[in-house]
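I opened this structure to look up a few side chains and their surroundings. My notes follow in the order in which I made them.

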Amino acid sequence: QVQLVESGGGLVQAGGSLRLSCAASGSIFSINAMGWYRQAPGKQRELVADINAGGITHYADSVKGRFTISRDNAKNTVYLQMNSLKVEDTAVYYCIAVSLQAGVDYWGQGTQVTVSS
């Protein structure tokens with residue numbers, strides 16, 4: 001019933017920027033943390049960034065200083081501002097929302113980010 005709808009992916013040149021958005025819809029139990037994973041062809045899915053309800057953030061070493069995660073708790077929406085994009089950032093990006101109370105994780109459908117050289 002709960003869906004996470006992602007938007008903002010696309011094709012950009014190296015050094016450019018994109019902002020991803022992910023909005024939860026439907027009947028939602030309390031959401032604690034939200035975040036972004038990515039998966040490139042032939043690679044394992046990795047956690048890019050996450051943010052808890054209090055706004056505390058964590059980033060993968062590969063994106064520190066370049067990406068910024070933020071959220072709007074009232075709207076159950078999480079954002080990922082991606083600056084200084086590199087070719088190696090190319091992947092499908094998935095958003096996630098974690099409800100500890102419900103014991104479930106909600107996943108977005110994925111949005112393609114392609115960075116060209």
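I began with Tyr37, which is partly exposed at 21% relative accessibility. The cut-offs I used are under 20% relative accessible area for buried, over 50% for exposed and partly exposed in between, with a 1.4 Å probe and protein chains only. The model is predicted: local features need pLDDT of at least 70 and side-chain atom pairs count only at pLDDT 80 or more, while totals for chains, interfaces and linings use all residues. Residues are numbered from 1 along each chain as its sequence is written, and side-chain values use heavy atoms, with hydrogens and water left out.

**Rings**

How many aromatic pairs are there? I found 1 aromatic pair, taking rings of Phe, Tyr and Trp (its six-membered ring) as paired if their centres lie within 6.5 Å, and calling planes under 30 degrees apart stacked, over 60 edge-to-face and the rest tilted. Tyr37 and Trp107 form that pair, which is tilted, with 5.1 Å centre to centre and 45° between the planes. Tyr37 is in strand S4 and Trp107 in strand S10 (residues 104–107), 70 residues apart, and the pair links distant parts of the chain. Strands here are DSSP runs of E with at least two residues, helices are runs of H or I with at least four residues, and numbering starts from the N terminus. Trp107 is partly exposed too, with a relative accessible area of 32%.

I then looked for a charge over these rings, meaning NZ of Lys or CZ of Arg within 6 Å of the ring centre and within 35 degrees of the ring normal. The charged end of Arg45 sits over the ring of Tyr37, 5.8 Å from its centre. Arg45 also lies over the face of Trp107, at 4.3 Å from the ring centre.

**Disulfide**

I found 1 disulfide in the structure (a pair of cysteine sulfur atoms within 2.5 Å). Cys22 and Cys95 form it, with their sulfur atoms 1.8 Å apart. Cys22 lies in strand S3 (residues 18–25) and Cys95 in strand S9, so the pair ties together parts that are 73 residues apart in sequence. The torsion about the S-S bond of Cys22 and Cys95 is about 40°, so I noted the disulfide as right-handed. Cys22 is buried at a relative accessible area of 0%, and Cys95 is buried at 0% as well.

**Core**

Of its 29 residues, Trp36, Leu80, Met82 and Tyr93 touch the most other members. Strands that each supply at least two residues of this core include S3, S8 and S9. Not counting residues up to four places away in sequence, Tyr93 has contacts (heavy atoms within 4.5 Å) that include Trp36, Tyr37, Leu80 and Met82.

Is Asp89 buried or exposed? Asp89 is buried, with a relative accessible area of 0%, and lies in the loop between strand S8 (77–82) and strand S9 (91–99). The Asp89 side chain makes a polar contact with the side chain of Arg38 at 2.9 Å. For a polar contact I required a pair of N or O atoms within 3.5 Å; within protein, one must be able to donate a hydrogen and the other to accept it, and residues adjacent in sequence count only if both atoms are side-chain atoms. Among the residues that Asp89 touches is Ser84. Ser84 lies in the loop between S8 and S9 and is partly exposed at 42% relative accessibility. I noted a positive phi for Ser84, near 50°.

Note on methods
Core = buried A, V, L, I, M, F, W, Y, C linked by side-chain atoms within 4.5 Å.
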